[in-house]
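Grab a pencil and open the structure in your viewer.

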Amino acid sequence: MGLLVALAEAFVLAGFLVLRCDLPFRQRRAYGRPRPGDAARDRQGLKHAITAMRKLAAGRMFIGGQSYGGRQASMLIAEERLADGLLLLSYPLHAPNRPDQLRTQHLSQIHVPTLFVHGTRDPFGSIEEIDAARKLISAKNLLLPVEGAGHDLGFKGKSKREDLPEIVIPKFQCFFG
């Protein structure tokens, strides 16, 4: 089971209504990276998902994603305040070995509470770099470091961190209240 499936199941067990969706680029191609032209369409897909959820339930709405999906969610929220909070898993602050090309331009436009979950061995950004980027967000935000985890947050390979959802859910509940 993948990280996003495990987290979705844990959120459901904690009483949340969850919609897990593939971004449009992933719906078109089962494998491979997103292409530069995919970003706007992917944010539109997230906007449609939020609209669908609003028809199903009232109350606070949170959006998030892992890596590129989290980045697109954060960019959407920077453009339009469509949700009450962000959960960013393994935010891709920069490409590996390219710390001079930060993906932070939109962070100052985020005005909702944001929880980052990030591995201490993530090549897309160190804990120190994520901490510095968090300061660009005016709303309250928090970093939950995952010791020894890379970009997959320890959810692949032999040393799988199956306890991660049990760590994230209480932190999410406490942080967002």
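Predicted model: local features only at pLDDT ≥ 70, side-chain atom pairs only at ≥ 80, totals over all residues.

**Exercise 1.** Work out which parts of the chain the salt bridge between Glu 79 and Arg 43 links.

Solution. Start with the contact: the two side chains meet with N to O at 3.0 Å, and the cut-off for a salt bridge is 4 Å.

**Exercise 2.** Find out what the salt bridge between Glu 80 and Lys 47 ties together.

Solution. The closest N and O atoms of Glu 80 and Lys 47 are 2.8 Å apart. Glu 80 lies in the loop between H4 and strand S2 (85-89), and Lys 47 lies in helix H3, so the bridge ties together parts 33 residues apart in sequence. As for accessibility, Glu 80 comes out at 30%, partly exposed, and Lys 47 is partly exposed too, at 26%.

**Exercise 3.** Say how Arg 134 and Asp 131 are placed in helix H5.

Solution. These two form a salt bridge, with their closest N and O atoms 2.7 Å apart. Both belong to helix H5 (residues 127-134), and because they are three residues apart, about one helical turn separates them. Arg 134 is buried at 17%; Asp 131 counts as partly exposed at 27%. In the whole model, the salt-bridge count comes to four.

**Exercise 4.** Classify the ring pairs that Phe 172 makes with Phe 11 and with Phe 62.

Solution. The search of the whole structure turns up eight aromatic pairs. Take Phe 11 and Phe 172: centre to centre they are 4.9 Å apart, with 85 degrees between the planes, making the pair edge-to-face. Phe 11 is in helix H1 (residues 3-13) and Phe 172 in helix H6 (residues 164-176), so parts 161 residues apart in sequence are tied together. Now Phe 62 and Phe 172: the centres are 5.1 Å apart and the planes at 75 degrees, so this one is edge-to-face as well. Phe 62 comes from strand S1 (residues 62-66), 110 residues away in sequence from Phe 172. Phe 172 is buried at 3%, whereas Phe 62 is partly exposed at 23%.

**Exercise 5.** Which residues do ring pairs link into a cluster?

Solution. The cluster contains Phe 11, Phe 16, Phe 62, Phe 172, Phe 175 and Phe 176. One more contact to spot: Lys 140 lies over the face of Phe 175, 4.6 Å from the ring centre.

How values were computed: Residues numbered from 1 in each chain as written. Heavy atoms only, no water. Helix = DSSP H or I, 4+ residues; strand = E, 2+ residues; numbered from the N terminus. Buried < 20%, exposed > 50% of the residue type's maximum accessible area, 1.4 Å probe, protein only. Phe/Tyr/Trp six-rings, centres within 6.5 Å; stacked < 30°, edge-to-face > 60°. Lys NZ or Arg CZ within 6 Å of the ring centre and 35° of its normal.
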